[in-house]
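Welcome! Have a look at the sequence and the model below, and then we will walk through some of its features together.

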Amino acid sequence: MILVTGGAGFIGANFVLDWLAGNEEPVVNLDKLTYAGNLDTLKSLADDARHVFVRGDIGDRELVSRLLAEHQPRAVINFAAESHVDRSIHGPDDFIQTNVVGTFNLLESVRAYWTGLPGGEKAAFRFLHVSTDEVYGTLAATDLPFAETHPYEPNSPYSASKAASDHLVRAWHHTYGLPVLTTNCSNNYGPYHFPEKLIPLVILNALAGKTLPVYGDGQQIRDWLYVKDHCAAIRRVLAAGKPGETYNVGGWNEKANLDVVNTICALLDELQPRADGQSYATQISFVADRPGHDRRYAIDARKLESELGWKPAETFESGIRKTVAWYLANQDWVQNVTSGAYREWLSTQYGV
Ligand code: NAD
Ligand code: TYD
């Protein structure tokens, strides 16, 4: 079986659902259930013996060591993190605690377990660390996309904490020989995305008749990847990646934020037009920019394609259409996650 951490969050839950849809190997899912973790996403697995959910912290060595001893996983896939840049600006503490100290403790628990495995199992074991392209910093308009060799130049408390975790993972391989794999992925979007991030926030605000907040001039560029393509990439790296290597995962989909927002508005105009016949784009509002806002991210994903044969299945156009349709069809999930804690965040960040 495999141990997944952070499997009640956006990408981790998509990963668990896709994993169990595609094979019989069980999953132990360790998640702290912070504001970003949501068991509702996993409710289709409630009676599925292949999914064992455990509420807990990756930094809790006693708990993690017990889970490893009990379930004897052949791999650990670490999704658990604080993941939202704006939250890291308001309060970096949790980011250091989970992303840096938590990853360190997790590595130590895993190292102790891995050291005690018999030869064949020890050689086959993998620790896969899920990271971000944000560790590479920002690109100018004419720069080449980030390759795996790009220097680490993180600019936000979030990206700095993820960079630190990547360095720890690297060192645990180099020093102790732990068979690690690291993936650095671009911005994900798709089903079950918590509506504090740009794409789900815009969909929900549009439908609720609220303003669509675009930071600064809206010309910041992100390289969007449909979440299920990311999950497929992780499965591929787990199966065939070389220990100690890092793999960049991207969608070859560079888009300016304003173009993303306009695309969502056009899709909503088509799929659920406003009663007054006006476009949702009239709700766009330019607001104060994010401090230290990275201008452009773009991933060079050629290594993953040439060495392991992965490439994304969705274009931005196909993926964003599926995503908007998913939010329109899954209003129950949305109602459940937009709790009091969510409204509190909107008031901290947007003053509404
Ligand atoms: P998310 O915020 O939606 O989910 C994170 C999950 O981790 C939540 O379920 C939360 O409860 C859990 N968690 C937080 N702290 C924990 C702790 N101390 N112990 C156990 N569980 C804990 O994040 P996401 O968007 O699903 O991202 C998953 C991973 O992918 C993160 O490591 C993130 O840095 C990385 N990543 C995300 C993106 C993206 O666009 N969302 C892109 C590249 C990489
Ligand atoms: P986000 O989804 O927070 O991801 P990240 O910061 O990890 O890239 O933001 C994506 C882009 O959208 C980023 O450039 C910030 C911008 N943005 C807005 O313009 N308005 C918003 O309300 C949010 C949440 C993000």
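Let us start with Lys-303, which counts as buried because its relative accessibility is 16%; buried means under 20% relative accessible area, exposed over 50%, and partly exposed in between, with a 1.4 Å probe and protein chains only. Lys-303 sits in helix H10, residues 302-308. Helices (H or I, at least four residues) and strands (E, at least two) are DSSP runs, numbered from the N terminus. Leaving aside neighbours within four places in sequence, Lys-303 is in contact with Glu-148, Glu-245, Thr-246, Tyr-247 and Leu-308, where contact means heavy atoms within 4.5 Å.

Before going on, a word on what you are looking at. This is a predicted model, in which local features need pLDDT of at least 70 and side-chain atom pairs count only at pLDDT 80 or more, while totals for chains, interfaces and linings use all residues. Residues are numbered from 1 along each chain as its sequence is written, chains are lettered from A and ligands numbered from 1 in the order in which they are written, and side-chain values use heavy atoms, with hydrogens and water left out.

Helix H11 covers residues 316-329, and at 1.5 Å a residue its 14 residues should span 20 Å, which agrees with the 20 Å between its end C-alpha atoms. The expected span is 1.5 Å times one less than the number of residues. Which residues of H11 are buried? They are Phe-316, Gly-319, Ile-320, Thr-323, Val-324, Trp-326 and Tyr-327. Seen down the axis of H11, these buried residues fall within an arc of 155°, so they line one face of the helix; the arc is that of the directions from the helix axis to the C-beta atoms. An α-helix has 3.6 residues a turn, so residues three or four places apart point the same way. The cover over the buried residues of H11 includes helix H7 (198-207), helix H9 (257-271) and helix H12 (331-337), along with strands E7 (188-189), E10 (225-226) and E12 (254-256).

Helix H6 runs over residues 157-176; it has 20 residues and reaches 28 Å from its first C-alpha to its last, close to the 28 Å expected at 1.5 Å a residue. Its buried residues include Tyr-158, Lys-162, Asp-166 and Trp-172. The buried residues of H6 pack against helix H3 (85-90), helix H4 (93-115), strand E5 (126-132) and strand E6 (180-185). Just after H6, Gly-177 takes a positive phi of about 80°.

## Around the ligands

Which residues come nearest to ligand 1? Of the 28 residues around ligand 1, the nearest are Ile-11, Asp-31, Ser-83, Tyr-158 and Lys-162; a residue is near a molecule if one of its heavy atoms lies within 4 Å of it. The table lists some polar contacts of both ligands, each a pair of N or O atoms within 3.5 Å.

| Ligand atom | Protein atom | Distance |
|---|---|---|
| Ligand 1, oxygen | Ile-11, polar backbone atom | 2.7 Å |
| Ligand 1, nitrogen | Thr-98, side-chain N or O atom | 3.0 Å |
| Ligand 1, oxygen | Tyr-158, side-chain N or O atom | 2.7 Å |
| Ligand 2, oxygen | Glu-134, polar side-chain atom | 2.6 Å |
| Ligand 2, oxygen | Asn-257, polar side-chain atom | 2.9 Å |
| Ligand 2, oxygen | Arg-290, polar side-chain atom | 2.5 Å |

The protein covers 97% of the 510 Å² of accessible area that ligand 2 has on its own; such areas come from the Shrake-Rupley method with a 1.4 Å probe. The elements that give two or more residues to the shell around ligand 2 are H7 and strand E8 (212-215), and E8 gives the most, with 3 residues. Of the 17 residues around ligand 2, Glu-134, Arg-222, Arg-290, His-293 and Tyr-350 come nearest. For ligand 1, the largest share of the shell, 3 residues, comes from E5.

Leu-33 is in the loop between strand E2 (27-31) and strand E3 (51-55). Its phi is near 55°, a positive value in a residue other than glycine. Most residues other than glycine have a negative phi. Buried or exposed? Leu-33 counts as buried, at 19% relative accessibility.

Trp-252, in the loop between strand E11 (246-249) and E12, also is not a glycine and has a positive phi of about 50°. At 43% relative accessibility, Trp-252 counts as partly exposed.

Finally, Pro-273 lies in the loop between H9 and strand E13 (284-287), and counts as exposed because its relative accessibility is 54%. Not counting residues up to four places away in sequence, Pro-273 touches Leu-268 and Tyr-280. The C-alpha atoms of Pro-273 and Leu-207 are separated by 9.5 Å, with the two residues 66 apart along the chain.

Conventions:
A polar contact is a pair of N or O atoms within 3.5 Å; within protein, one must be able to donate a hydrogen and the other to accept it, and residues adjacent in sequence count only if both atoms are side-chain atoms.
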